[in-house]
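Sequence and model come first, and the packing follows.

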Amino acid sequence: MQNNKEWQAAFSVIEQLEEAGFEAVVVGGAVRDAILNRPAHDVDVATNALPQEVKAVFERTVDIGIQHGTVLVIVPDGPVEVTTYRTDGEYTDHRRPEEVHFVRSLQEDLRRRDFTMNAIAMRRDGSYVDYYNGRKDIEAGVIRAVGEANVRFAEDALRMLRAVRFSAQLGFTIEASTLQAIQEKASDIAWVAKERIKAELDKLWIGKDVYNGLKKLEESGLVNSLQGDFLAEHWRGFTVQNPTGGWAFFARIQGAHWQEVLRSYRLSNKEMAFVKAVLSAFQALQNGWTNMDYFTYSLEELETAHYFAQLKQPFNMSPQSIGEAKARLPIQQRQDLIVNGLDLLQWSGQKKGPWLKDALQQILTAVVNGELANERNDIKNWFEQQYSTMDE
Ligand code: ATP
Ligand code: MG
């Protein structure tokens, strides 16, 4: 695990900071994930060097969050985020600290972190700094706030949703007093920016135990302060690779108001379009998909809709057959059609009008259904027959 590029890069940064007389460690998600044998995406370094001191040690750095103490250091193995040990200042709005204070002690830095499993540091020699027994909690599969849970959730309400997200991601339980504190503070989640909530839900949807996460969302009372219906029961056995698949499933549960609910989480237009396509493909599947359905929807949209249907009630249709049916279509996309609007205008001698779109759609459907070959002459003859009776 620690011999991948990200870890190599982090260790080489630590080495150089140590040579300059500073202390530095890997901290946060990467350490947790290494203990769990999960691949890490970001291997973050924390140090007692001040941001300016970090910048003086390395040739190439980028100021990415210097007011919070974070400098991006570029080394041959890749970029590494290096953050100065810090404590958080006063929290006034349940969201972000007003200011941060740089400190020289790792222990203080670890104390501001949310959960014991996220408050473990690893030195370059592979030894751990684990003041809050995070490894023991990881071993037991427990999410536990660092310090007084009530206080920690009052400082930053997002932490409550992070706890639930981690329970889905890792299949962990939430320690009793931590869960109780969430129940007490749940309504504070309303203070948190929708974008940050969406980012947590994105991670929840692709967790390995989404059902567990959804149950925790209900148990904690957070559902009462979030937009939409979550209904844990629906999510039994649910697992997807792509967060948008999670949003599509969530949308299906919302019924007619789904667009309004999803918009409130600030989904992009692209995400909304995917969800919309999945929902209509799902609807179409109730009567079996036609060639036009296979043509219209992308493979991922079809597979997602098929997965939802299977989850509801297993039926006799394999996921592989979707790609096969799609591959058998005479054409794969609209642009493959050998004729276009200009051809029809020329053949008919008519002016542009709504008829043109209809005619193209009819040709497309006939070709996709294999009733008409995708050949110029065949299409011309077909068109002239169909449209010969058209108004002069
Ligand atoms: P992921 O695998 O999703 O990236 P992560 O634990 O690395 O999970 P990040 O948001 O990348 O989460 O944060 C890195 C670290 O910063 C965390 O492990 C934790 O120590 C600390 N942290 C992040 N968000 C908070 C928060 N809201 N309150 C306290 N500490 C936090
Ligand atoms: Mg991270």
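H15 passes H16 in a right-handed crossing. A crossing counts as right-handed if the near helix is turned clockwise from the far one by less than a right angle, and as left-handed if anticlockwise. Helix H15 covers residues 299–312 and helix H16 residues 320–327. Helices (H or I, at least four residues) and strands (E, at least two) are DSSP runs, numbered from the N terminus.

In H15, Leu299, Leu302, Glu303 and His306 meet Ile322, Gly323 and Lys326 of H16. Contact here means heavy atoms within 4.5 Å. By class, the residues of the contact of H15 with H16 are 3 nonpolar, 2 polar and 2 charged. Ala, Val, Leu, Ile, Met, Phe, Trp, Tyr, Cys and Pro count as nonpolar, Asp, Glu, Lys and Arg as charged, and the others, Gly among them, as polar.

The model is predicted: local features need pLDDT of at least 70, side-chain atom pairs count only at pLDDT 80 or more, while totals for chains, interfaces and linings use all residues. Residues are numbered from 1 along each chain as its sequence is written, chains are lettered from A and ligands numbered from 1 in the order in which they are written, and side-chain values use heavy atoms, with hydrogens and water left out.

**Helix pairs**

Axes are lines fitted to C-alpha atoms, for helices over the stretch in contact, and angles run from 0 to 180 degrees between N-to-C directions.

| Pair | Angle | Axis distance |
|---|---|---|
| H15 and H16 | about 145° | 10 Å |
| H13 and H15 | roughly 55° | within 8 Å |
| H7 and H10 | about 150° | 7 Å |

Helix H13 spans residues 269–285. H13 and H15 are therefore oblique to each other. Angles under 35 degrees count as roughly parallel, over 145 as roughly antiparallel, 65 to 115 as roughly perpendicular and the rest as oblique. The crossing of H13 and H15 is right-handed. H13 contributes Phe274, Ala277, Val278, Ala281, Phe282 and Leu285 to the contact, and the residues from H15 include Leu302, His306 and Phe308. This contact of H13 with H15 divides into 10 nonpolar, 2 polar and 3 charged residues.

Helix H7 (residues 158–170) packs against helix H10 (residues 210–219) at an angle of about 150°. That makes H7 roughly antiparallel to H10. Their crossing is right-handed. Leu161, Val164, Ser167 and Ala168 of H7 touch Val210, Asn212, Gly213, Lys216 and Leu217 of H10.

**The sheet**

Seven strands form an open sheet with mixed pairing, in the order S3-S4-S5-S2-S1-S8-S9. Two strands pair if DSSP finds at least two bridges between them. S3 and strand S9 (128–129) are the edge strands, each pairing on one side only. Helix H1 (residues 5–19) packs on the sheet and touches strand S1 (24–27), S2, S4, S5 and strand S8 (121–122). The direction of H1 makes about 155° with that of S1.

Strand S3 (residues 61–65) pairs with strand S4 (residues 70–75) in the antiparallel sense over 4 bridges. Gly65 has Thr70 as its bridge partner in S4. S3 and S4 form a hairpin with 4 residues between them, and Gly69 in the turn has a positive phi of about 90°. Strand S2 (residues 44–47) pairs with strand S5 (residues 78–84) in the parallel sense over 3 bridges. S1 and S2 pair in the antiparallel sense over 4 bridges.

**Domains**

The domain assignment gives domain 1 (1–131), domain 2 (141–228), domain 3 (240–329) and domain 4 (334–389). Such bounds come from an automatic or database assignment. The C-alpha centres of domain 1 and domain 4 lie 63 Å apart.
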